[in-house]
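Hi there,

Here is the structure I promised to pass on to you. Have a look at it first, and then read on for what turned up in it.

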Amino acid sequence: MNMKSIRTRLVLVWRRAPHRRKRRDPLQLAYGGYRRAGSGGIPSGSGRCTVNKSMAMHRAPAYPGVAWLSRVMAVAAGLWGVETLANTPTRPNVVLILADDLGYGDLGGAWGGRAATPHLDRLAREGLRFSDFHANGAMCTPTRASLLTGRYPQRMGFERAHATRGRDELGIARPGNHEITIATHVGRAGYATGIFGKWHLGKHPSANPVRFGFDEFRGLTDGEGDYFSKLDRFGGEDWLHNEQFKHQPGYATTVTTDNALDFIERHKERPFFLYVAYQAVHFPWQVPDDSNRETRREGEEFTSGKPGPRSKLGPHTPAEIPSVMQRMIEELDHGVGRIIAGLRGLGLESRTLVFFTSDNGAYVHYLDPDLVDPAGPELPPPDWPRVGSNGPLRGQKTQLYEGGHRVPAIAWWPGRIPAGRLTAETTMTMDILPTVLELLDLPFPASNGPNRIDGVSLQSLLLRGEPLPSRTLFWRAPTQKAVREGPWKLVNDQLYHLADDIGESRNVAAAHPVVLTRLREKLARWEKEVSRPDLP
């Protein structure tokens, strides 16, 4: 008897059985029920189920006469799940590649930058390029939190990057956060999950990626380790394999690519989710030839934002930084090219979705955000006057003008995403998780629950070019606020019409009082909704 016949007979028997228990919603069914309050909605190991919502089964009923049927159906559901997961063309591999501090105008080719980026240029030609894609924050940590949860970072208390001495920073594991990451979602569907590179969501052991759905982690937990010694700015060890420190020699960008390729090779026979979180091009600004220059030393602090010895920004002079950045971008591009070549070499390209983007815009010049308010009316002259490029956009990393959060993005899936397309749809990092859930036909967290998703699925945009429903998007940093609605953007109480003024050079608030009032009111309602009074 084939699998289809078995399923048909079991369903007929189930329909004839007396049902005396109240139905649960699809997420409860698929996940085997929620834990008690405080668990973040993550199901217990004893009751989890790896099938999707259309196949999910009740746990064993407590009344006689049906327990045997539940056991049979559970076996069938397991077999069904195995058969579904084996059908890999409908369950793609997912590779998320996140650059760090890569600006809107940093890449070559269609982006107009000076760096030679042939691999990312080709990825864009063969896939879908976004011209209006945004990071959820203008610094590292908030965006990474949104990418992994599909939620505004304010719901987790993240609005700036963390840089702390020692291993006490709880980050995503702090009390009051009960987050379900994309790795947890897909892991419950049978996917192998790995992260290689930069985590930056907490250094405490309880915040380790393997505690948040990842099977494997190699990389740093802080924001900007030395590319060679892998030490943080405080001279602390910060390169781990899962939960143990394990130094890997070599240039961090190359090492991260090597780890990603090894993961792909080891999991080529099963569906996998791979998060390649490059540190490049974040400081310290170092290139592969710099191993003989000053690198960070254990127990010694490299916290100065000035040029010279023990600078957290690296061993180069300000005049050298533009060429150093160009080389770092080219090394990043080479790493992406190696990953795509690895997928092609194993015949995985037609069943792998690759999404590339950046966690925020570039530093155009450097002013230490720990010492200078990026929204201040007057800023001192920078010690590092030329760093990266955000093209025609105003502002830079740490700021909520477009240069701080509009970033390059590409979606690539040969045979599924039509090649050579450009989209001007306004999209955001938090949209990646719901996109993956819909593509894999996995259940979404309840819209009124503790893990509600704020992003929207991009599946119809990726596969069929369909426009997205209109929506309003929000950003907030410690001293800044922004809201976007169509072409209108209110940032720091200045109103811009981006369709006519992408460089945010003309404040039109006085000419559009109705729009100004509407966006102010929406921003106030959003702030009230995402507020976390339990956090300092």
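Predicted model: local features only at pLDDT ≥ 70, side-chain atom pairs only at ≥ 80, totals over all residues.

As for the overall make-up, the chain has 12 helices and 16 strands. Of its 536 residues, 57% count as buried. Among contacts with a separation of 6 or more, 71% come from residues 24 or more positions apart.

Back to H8 for a moment. This helix has 25 residues and reaches 36 Å from its first C-alpha to its last, close to the 36 Å expected at 1.5 Å a residue. Just after H8, Gly347 takes a positive phi of about 70°.

How many of the residues of E9 are buried? The count is 7 of the 7, so E9 is largely enclosed by the rest of the structure. In a regular strand, side chains alternate between the two faces of the sheet. In E9, Thr352, Val354, Phe356 and Ser358 point one way, while Leu353, Phe355 and Thr357 point the other way, and all are buried.

E1 and E9 run parallel and are joined by 7 bridges, with Leu96 standing opposite Phe355 in E9. E9 and E10, by contrast, pair in the antiparallel sense over 4 bridges, and there the bridge partner of Phe355 is Ala411. Elsewhere in the sheet, strand E4 (residues 192-198) and strand E8 (residues 272-277) run parallel, joined by 6 bridges. One of the paired positions is Gly197, whose bridge partner in E8 is Ala277.

There is another sheet to look at. This open sheet has 4 strands in the order E13-E14-E15-E16, with antiparallel pairing. Strand E13 (472-477) and strand E16 (494-497) stand at the edges with a single partner strand each, so one side of each is left without a neighbour in the sheet. From one strand to the next, the twist averages 15°. E13 and strand E14 (residues 480-485) pair in the antiparallel sense over 6 bridges, and Thr472 stands opposite Glu485 in E14. Helix H12 (residues 513-530) packs on this sheet, touching E13, E14, strand E15 (488-491) and E16, and its direction makes about 115° with that of E14.

Tyr152 is found in the loop between helix H5 (140-149) and helix H6 (182-187). Is Tyr152 buried or exposed? Tyr152 has a relative accessible area of 5%, and because buried means under 20%, it counts as buried. Among the residues it touches are Asn136, Met428, Asp454, Thr472, Phe474 and Trp526. The C-alpha atoms of Tyr152 and Val530 are separated by 7.9 Å, although these residues are 378 residues apart along the chain.

The other one is Thr398, placed in the loop between E9 and helix H9 (402-405). Thr398 is buried too, with a relative accessible area of 7%. Its contacts include Ala138, Met139, Tyr363, Pro369, Pro374 and Gln480.

Tyr363 leads on to the aromatic rings. The structure holds 19 aromatic pairs. One of them joins Tyr363 and Tyr366 edge-to-face, at 4.9 Å centre to centre and with 75° between the planes. Both Tyr363 and Tyr366 are buried. Trp199, Phe212, Phe214, Phe273 and Tyr275 form one aromatic cluster.

Finally, there are two places where a charge sits over a ring. Arg129 lies over the face of Trp111, at 5.6 Å from the ring centre. Arg416 lies over the face of Trp413, at 4.6 Å from the ring centre.

Technical notes: Residues numbered from 1 in each chain as written. Heavy atoms only, no water. Pairing = 2+ DSSP bridges. Helix = DSSP H or I, 4+ residues; strand = E, 2+ residues; numbered from the N terminus. Expected span 1.5 Å × (residues − 1). Phe/Tyr/Trp six-rings, centres within 6.5 Å; stacked < 30°, edge-to-face > 60°. Buried < 20%, exposed > 50% of the residue type's maximum accessible area, 1.4 Å probe, protein only. Lys NZ or Arg CZ within 6 Å of the ring centre and 35° of its normal. Contact = heavy atoms within 4.5 Å. Axes fitted to C-alpha atoms, helices over the stretch in contact; angles between N-to-C directions. Lists of a residue's contacts leave out its neighbours within four places in sequence.
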